[in-house]
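Welcome! Here is a short tour for anyone meeting this structure for the first time. Take a look at the picture, then read on.

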Amino acid sequence: MKWIFLLALLIAMYPTATAQQKSPISVSISTPSSTVGSKTDIRLDVTVTNISDHPIKLVKDLGPDGHAEAANDVLVYDSVGNTLLRIDGPVIKRNGQLYHLPKGYLSRRLITVDPGKSTEDFLLLNHLFDMTQPGKYIVLVRQEIPAFESIPNHEPRYIPSNTLTITVTQ
Amino acid sequence: MVDGPDFFFITPCANTPPAPVISSVLPSAFFAGETTSITITGSNFIPNNNPNGCVPTAVDTFTADEDVITGADVVSPTEITATVAPEADETDLSATVWVGNLDENSGSEIVATTNASVLPAPAIQWNGNTISTADGSNPPTQNAVIGQTIHLTVNPSTLPSGTTVTYTWAAGGTNIGGYTVSPPIQTNPTQSTATVTATSVSSADLTTYWLAPGAGKIPVTYQYCVNIPGLTDPCSAQATAEFTVKGPTRVSVTPSDEKFYAVNNPPETLEWVIKFNGKATSPSGQPGQYTWVQLVQSISETDTFADGKQGTCGSGVALDTSYPYDTGLSTSDEPTNPLNLTDQSGSEETGTNENLSMQMFLMWNPQTDSSSIPVSLGSISWTASGAISFDSSTDTWGEQSGSKPTPASGGFALTSSEPTWSVAINGDTLEQNCANSAQ
């Protein structure tokens, strides 16, 4: 019951942007195995599909596939709803609060996704979060639509994916 | 009997004449399509108007296809002058020089021969077809597009052994011999170069690329020269081909949606946004591919840190991030200055000041062949700046100052100058340099 409530809460926290503006993309995540050992890389595949009627430009890490976090806000919650902190970037303090920032990806390349087409990339969750504790984790990502594609809003938009449950075993 | 030294060797016609001997022919090679005077040197020639009234030495020069001789004069027992004029389309490149003394007793001729060569008339070929004329007539017009590989070959593949040949080409219009980006596709370049080479006009073949459409017909000429002894004019006639060169029309790039702002929620950043909206009409039947290349003209950045250290970084002319920068007819840039850097002592950033000067090129590759190149249709320069300081009393970044991306006056400039660079830079490298240089 508590689990269902948490899922509902997550969905409520990150409503799709369609409420204000129809999203031109859909974002889907999957993992090769939903149950993994605590010392195993946890791969998360991210598929972004252009569901609009026009080409859309997205951003991507300059290097080879495997760093989908360069274009995605990645959110991981433990079984009691706590947000896991990023471990790949700097930690700063603002007004007494610590912020565990993601690694910055300033230099990203543009990719064009035609209508009906998809682009795929992946990331390794355990390189971004400490997921060594056995248990269930809820994962979702929010794909960034760059500011220049958000005009006239001029600010990046984030389109959420489906949620995924991953079980980490001893 | 005959008087004078010139006729010393001539025997009376009643007797069998001596066998003629050819010791040399100068020049031993002559151009097809042109008239050339040659001199045959030897002995036992029977001159015209010899005092004995003998039949003069007969002279001929021929190929497998035709007689190429147009006149001859047996000047002396040792010299014959003649003119030869092979047809321009002569394909047999070996000629025979023939002389014969008539035995008036038997009616037979006593002959001597030697070999000469026909130098082919210059002709320019494209994709195996001859596209030029060398007689002043109008050549058939060829159609081409900018960026297309124009590889022209010529016909004199077989020349007399030992002949030294020099080639002279001239191509009108704005052209280059090549545009090389290395490595050819770069998503994360650490080393990158782009170079332009001039069209080589002294090679046997011509490879060129036009960078701009021509208002009219663009000529290409070719001739070759040889080192044949005795050839008064060692150069062939000039072959001329003509091209109409097309490219995209109604090309424009309009910048829009320029913005400059600070993000004050972690991760904190200073950001600029600019969008480029391109328009162009490809030549009929040649959609090609539009791409973008952005050059950093200059970047300078100074970052300050809580421990009082200051880091500086920057760049001169460099490829921005990747090649190509983007594809299609619209693109954008979103430079970001991160405000959460730490120096090597672990101190957090407390201020930054950055100036950007960039140049965005719209390119078009006709994709007509595997070697076609992207050609610059024009570029637009733009600048931006920004500065911000951390306010420790409020524990937030203060109000930013600076300018949003500002296109240069005049906006998009139609230029056919290819972008070149010898280094690449990206934002991550730049910022790392700033943090690492703090002292």
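In chain B, the centres of domain 1 and domain 3, taken over C-alpha atoms, are separated by 78 Å. Keep in mind that this is a predicted model. Chain B is divided into domain 1 (5-118), domain 2 (124-246) and domain 3 (249-436).

**Strands in chain B**

Let us begin with strand S7 (residues 94-102) of chain B, which is joined to strand S4 (residues 58-62) of chain B by 5 bridges, the two running antiparallel. S7(B) also pairs with strand S8 (residues 109-119) of chain B, again in the antiparallel sense, over 9 bridges. Val97(B) in S7(B) is a handy landmark: it is the bridge partner of Thr61(B), and Thr114(B) in S8(B) is the bridge partner of Val97(B). The hairpin of S7(B) and S8(B) has 6 residues between the strands, and there Gly107(B) takes a positive phi near 80°.

Another group to find is an open sheet of 5 strands in chain B, with antiparallel pairing and the order S10-S9-S12-S17-S14. Which strands stand at its edges? They are strand S10 (129-130) and strand S14 (175-176) of chain B; each has a single partner strand, so one side of each is left without a neighbour in the sheet. Strand S9 (residues 124-126) of chain B is joined to S10(B) by 2 bridges, and Trp126(B) has Asn129(B) in S10(B) as its bridge partner.

Here are the antiparallel pairs side by side:

| Strand pair | Bridges |
|---|---|
| S4(B) and S7(B) | 5 bridges |
| S7(B) and S8(B) | 9 bridges |
| S9(B) and S10(B) | 2 bridges |

**Where the chains meet**

The contact between the chains takes 26 residues from chain B and 20 residues from chain A. Several elements of chain B each supply at least two residues to the side that touches chain A, among them strand S20 (249-263), strand S21 (269-281) and helix H1 (427-436). H1(B) gives the most to that side, with 3 residues. By type, the residues of the side of chain B that touches chain A are 4 nonpolar, 13 polar and 9 charged.

**Confidence in chain A**

Chain A averages a pLDDT of 86, and 85% of the residues score at least 70. Among the elements of chain A, strand S3 (residues 43-50) has the highest mean pLDDT (98), while helix H1 (residues 2-13) has the lowest (44). Over residues 1-19 of chain A the pLDDT is below 50, and beyond near neighbours in sequence this stretch has 16 contacts in the model. Where pLDDT is low, predicted coordinates should not be read in detail.

How values were computed. Residues numbered from 1 in each chain as written. Chains lettered and ligands numbered in written order. Predicted model: local features only at pLDDT ≥ 70, side-chain atom pairs only at ≥ 80, totals over all residues. Contact = placed C-beta atoms within 7 Å. Helix = DSSP H or I, 4+ residues; strand = E, 2+ residues; numbered from the N terminus. Nonpolar A, V, L, I, M, F, W, Y, C, P; charged D, E, K, R; others polar. Pairing = 2+ DSSP bridges. Domains from an automatic or database assignment. pLDDT = per-residue confidence, 0-100.
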